[in-house]
Amino acid sequence: MPKIKEIERTPNPDAMRFVLGEPLTNGVTKSFENASDAEHDELASALFAIDNVINVYYVDKYVTVTQDGEAVWSELLRKLAPPIREATPQTDVEEDDEVHATKEVQESDDPRLQEINKLLDEQVRPYLLADGGGLKILGLNGNRLKIHYQGSCGTCPTATSGTLYAIESMVKRIDPEIQVVSV
């Protein structure tokens, strides 16, 4: 049973990040946008069963829960803590092949996509993880790169403005014609 060491605010006022004393996964990222996505995950299902929870994201020693903005955090945190404390570590689980990029992106022979994914791995995803979220590449159609924010980043106001602009600036170093769109 993981011990909750800290509860941290994220840049998203509707998300909180729980820092655990021991890892839930061995580096495997789990991202759930709704209860049906989480039906085969014990922890995520338990968290979605709590009113107002709209997103669950966890990796290693971090669990991020996003609410719909209707709950009072002090009350919601008391409901979220027990299922997190009771969670069973999943050290033998394998990474979802598409958690950071769709199959289409992974199988693409477009060198720009490979370079963009590497850039995001090195310069963007670690910072998003520190804020309780992540980023998935959905595809590159012509010069339009589609991305999807995960965890606390999914509904964060700064993700759709400042962070998106920063990502686009980095990607333009690879190809100045690329436009980045969050979906």
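Modeller: A pocket here is an open set of grid points with protein on both sides within 12 Å along at least five of seven lines. The model is a predicted one.

Colleague: What volume does the largest pocket have?
Modeller: Its lining includes Lys30, Phe32, Glu94 and His148. The space in the largest pocket comes to about 210 Å³.

Colleague: Which element gives the most to that lining of the largest pocket?
Modeller: Two elements give two or more residues to the lining of the largest pocket: strand S3 (30-32) and strand S7 (144-151). With 3 residues, the top contributor is S3.

Colleague: How many charged residues are in the lining of the largest pocket?
Modeller: Glu33, Asp96, Glu98 and Lys136 are among the lining residues. Sorted by class, the lining of the largest pocket holds 2 nonpolar and 4 polar residues, and the charged ones number 6.

Colleague: Which helix supplies the largest share of the lining of the second largest pocket?
Modeller: This pocket has about 160 Å³ of space. Of its 15 lining residues, Tyr127, Leu128, Asp131, Cys153 and Thr163 lie nearest the centre. Helix H5 (125-130) and helix H6 (159-171) each supply at least two. The largest share, 5 residues, is from H6.

Colleague: How many nonpolar residues does the lining of the second largest pocket have?
Modeller: By class, there are 4 polar residues and 1 charged in this lining. The nonpolar count is 10.

Colleague: How far apart are the end C-alpha atoms of helix H2?
Modeller: H2 covers residues 73-86, which is 14 residues.

Colleague: Where does H2 bend?
Modeller: A proline, Pro82, follows the bend within four residues. The angle is about 25°, and the residue is Leu80.

Colleague: Which helix do the buried residues of H2 pack against?
Modeller: Those buried residues are Trp73, Leu76, Leu77, Leu80, Ala81, Pro83 and Ile84. Their partners include strands S1 (4-9), S2 (15-20), S4 (53-59) and S5 (62-67). The helix among the partners is H1.

Colleague: What is phi of Asn52?
Modeller: Most residues other than glycine have a negative phi. Asn52 sits in the loop between H1 and S4. Its phi is positive, near 85°.

Colleague: Is Asp60 buried, partly exposed or exposed, and on what relative accessible area?
Modeller: Asp60 is in the loop between S4 and S5, and its phi is also positive, near 50°. Buried would need under 20%, and exposed over 50%. Asp60 is therefore partly exposed, at 29%.

How values were computed:
Residues are numbered from 1 along each chain as its sequence is written. This is a predicted model: local features need pLDDT of at least 70, side-chain atom pairs count only at pLDDT 80 or more; totals for chains, interfaces and linings use all residues. Side-chain values use heavy atoms; hydrogens and water are left out. The expected span of a helix is 1.5 Å times one less than its number of residues. The bend at a residue is the angle between axes fitted to the seven residues ending there and the seven starting there. Buried means under 20% relative accessible area, exposed over 50%, partly exposed in between (1.4 Å probe, protein chains only). Contact means heavy atoms within 4.5 Å. On a 1 Å grid over the protein atoms alone, a cavity is a set of points where a 1.4 Å probe fits but cannot get out, and a pocket is an open set with protein on both sides within 12 Å along at least five of seven lines; lining residues have an atom within 4 Å of a point. Grid points are joined across faces, edges and corners, and a volume is the space filled by probe spheres set on the points. Ala, Val, Leu, Ile, Met, Phe, Trp, Tyr, Cys and Pro count as nonpolar, Asp, Glu, Lys and Arg as charged, and the others, Gly among them, as polar.
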